[in-house]
Amino acid sequence: MYPEYLVAPMREDLTVAGFQDLKSADEVAAAIESEGTVLVVVNSVCGCAAANARPAAKLAAGSAKHPDKLVTVFAGVEKEAVDKARAYMLPYPSSSPSLALFKDGKLVHMIERHQIEGRPAQMIADNLIGAFEQYC
């Protein structure tokens, strides 16, 4: 588990952009199972989270059509919350960072780490925006 002082700036990168930081399995369940659309960002300390995933999530969240809720869990910090979020993302394997869009509690779009690494943030954001257009 990473110490809070190390992850605080990475966590804040999303929370200042309007993402709710979920720290328990109950919070994750309540968010994902709620009516409407929810974007879940599995945040990470890795470079592809900093350079690609977080910037993409923030860009997409600013689009005209966007999910009702924007939430995040932090891999390597809140194990219970991350495990719960990943359980909703099955059959996709655990991946951090990752981005998942849910509608009425059902997974409708998933972006895994291998789709984040080496891709520009705008390309990832465009992928998310396309999903938002379809599901939000």
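In which helix does Tyr5 lie? Tyr5 belongs to helix α1 (residues 4-15), where a helix is a DSSP run of H or I with at least four residues, numbered from the N terminus. The model you are looking at is predicted, so local features need pLDDT of at least 70 and side-chain atom pairs count only at pLDDT 80 or more, while totals for chains, interfaces and linings use all residues. Residues are numbered from 1 along each chain as its sequence is written, and side-chain values use heavy atoms, leaving out hydrogens and water.

Now for a pair of rings. The structure holds one aromatic pair, meaning ring centres within 6.5 Å, with planes under 30 degrees apart called stacked, over 60 edge-to-face and the rest tilted. The centres of the Tyr88 and Phe102 rings are 6.4 Å apart and their planes meet at 85°, so this pair is edge-to-face. Because Tyr88 sits in helix α4 (residues 79-88) and Phe102 in strand β4 (residues 98-103), the pair ties together parts that are 14 residues apart in sequence. A strand is a DSSP run of E with at least two residues.

How covered are these residues? Buried means under 20% relative accessible area, exposed over 50%, and partly exposed in between, using a 1.4 Å probe and protein chains only.

| Residue | Relative accessible area | Class |
|---|---|---|
| Tyr5 | 70% | exposed |
| Tyr88 | 19% | buried |
| Phe102 | 1% | buried |

Definitions and conventions: Phe/Tyr/Trp six-rings, centres within 6.5 Å; stacked < 30°, edge-to-face > 60°.
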